[in-house]
Amino acid sequence: MQTRTDPPGVPSASGWRRWMPSTLFARVALIIVIGLAIAQLLAFASIRYERGLAMRALMMSGIEMDIASSVAILNRLPAAERADWLDRLERPNYRFALTGTVQGAAPASSLMRSFAAAITEAVRPFPVIEVVQPPELHQSLQLQIRLSDGSDLIVHARRVERPISAWVLWALALQLVVLACCAWLAVRLITRPLQQLAAAADALGPDLKGVTLDEAGPSEVARAARAFNAMQRRITLYTNERVEILAAISHDLQTPITRMRLRADMLGDETDREKFRQDLESMDALVREGVSYARTLHGDTETPRRLDIDALLASMSADYEDCGQAVQLEGRVGEPVLTRPHALRRILMNLIDNALKFGREVRVQVRTEPEGLVIAVLDDGPGIPAEQLDAVLQPFYRLEGSRNRSTGGTGLGLAIANQLAMAMGAQLALVNRPDGGLEARLTLSL
């Protein structure tokens, strides 16, 4: 068997999916916002780069001439007056000093070397004794120039950054917020029809009473809504036809079954008569259970109402006790619950009958859990293999194919209970008990 491996250096799918939001709306919005943020960062980087180029051009195209003019002025002034002119000639990117020495190494970058060469060339005929770059100032130069009278002039030239104004950053941030809001609105318009479609699909339960989607809006959305509405109508039509066919078959089979029962009663052999009677009863039960299951596919049209479940369970326990079958009750609800009484009674009867069929002791536990009200039917029977716990909820599925109808049933009891549970918004689950036996757990929403 081949195993899928991700290319080297590429994070695994499970890795990046863990960091992704779970909803399509959040994923698309996040992708768009991240893309906009990257675009904003690129725009900001471009602006900074362009300003850097402009600053370099400014530094290389005029500053050396200004320095040369200032050096010429200081050279023509008497030595005693030069100190008074230093502040007047100082600019943001260069200044002069009449004392001190230059300290540092030769310029390291090509930009600073070009800058030094331009100044050296511009101040001619004054000789440049030394050009260094201070170690703590990477964008500055110090030049020692010899004036006509033999005195030295120290030039401190530096590259002055032109910072981005604060309002530019705020403008970019505001632009990102506006674009993010527009992206959120666009994604919401895109994903809302999907949410409505998902809600309509969830509402289409066994009763086939779904929600009809509005067929307005963009052409793609309207087309999907029309297709979904048509699908709901087709499903309803097909299911109604199946129920009608099963009902007709059930009705037509009643007559031959009755005739066969009469003929079986006229048999002389008591053993054969009893065998025929059992077969006919099994056939009749199979037909009735089949029709009952088909009708549960429509759900239950019963109107929900408040029900005292404690009284219902006590009544059912008494009925089983009258038939010689003990069903123990454990726990109480303590208050009425909104549910469908007839559907709930049918579900519990099917679960208890199934438990009595394969176990000797049957208990009905009532408890409240975070998921809702749980009514559990427990037996001490052989249980069900773990891989078949879901399969036994399907129609006509029996664990042992060799069983006869009297022991294995029709294979519809649990299927009917499961369909009725879904129709009333409950959940039915089968769980093997640790100490042996089966637990049929019905969870009702409170």
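In β9, L373 is the bridge partner of T368. That pair is a handy way into this predicted model, since β8 and β9 run antiparallel and are joined by eight bridges. From there, the picture widens to an open sheet of five strands, a nonpolar core of 41 residues and a set of ten salt bridges.

**The sheet and its helices**

- Going across the sheet, the strand order is β6-β8-β9-β11-β10, with mixed pairing.
- The edges belong to β6 (327-330) and β10; each has a single partner strand, so one side of each has no neighbour in the sheet.
- From one strand to the next, the twist averages 20°.
- Helix α10 packs on this sheet and touches β6, β8, β9, β10 and β11, with its direction at about 25° to that of β9.
- Helix α12 lies across β10 and β11, and runs at about 135° to β10.

**Nonpolar cores**

- The largest core holds 41 residues, and the ones with the most contacts inside it are I309, L344, L430, L442 and L444.
- Elements that put two or more residues into this core include α9 (309-322), α10 (341-358), α12 (413-423) and strands β8 to β11.
- The top contributor is α10, with eight residues.
- Another core, of 24 residues, lies apart from that one; A68, L86, Y94 and F115 are among its members.

**Salt bridges**

- R82 pairs with D149, their closest N and O atoms being 3.0 Å apart.
- This one links distant parts of the chain: R82 sits in helix α4 (residues 82-89) and D149 in the loop between β3 and β4, 67 residues apart.
- R82 is buried at 5% relative accessible area, while D149 is partly exposed at 46%.
- D319 and R345 also form a salt bridge, with closest N and O atoms 3.2 Å apart.
- D319 is in α9 and R345 in α10, so this pair ties together parts 26 residues apart in sequence.
- E369 forms a salt bridge with R367, the closest N and O atoms being 2.8 Å apart.
- Through shared partners, salt bridges join R367, E369, E439 and R441 into one network.

**A residue in β3**

- S140 belongs to strand β3 (residues 140-146).
- With a relative accessible area of 9%, S140 is buried.
- Its contacts include M112, V132, A157 and R158.

Conventions
Residues numbered from 1 in each chain as written. Predicted model: local features only at pLDDT ≥ 70, side-chain atom pairs only at ≥ 80, totals over all residues. Heavy atoms only, no water. Core = buried A, V, L, I, M, F, W, Y, C linked by side-chain atoms within 4.5 Å. Buried < 20%, exposed > 50% of the residue type's maximum accessible area, 1.4 Å probe, protein only. Helix = DSSP H or I, 4+ residues; strand = E, 2+ residues; numbered from the N terminus. Contact = heavy atoms within 4.5 Å. Pairing = 2+ DSSP bridges. Axes fitted to C-alpha atoms, helices over the stretch in contact; angles between N-to-C directions. Salt bridge = Lys/Arg side-chain N within 4 Å of Asp/Glu carboxyl O. Lists of a residue's contacts leave out its neighbours within four places in sequence.
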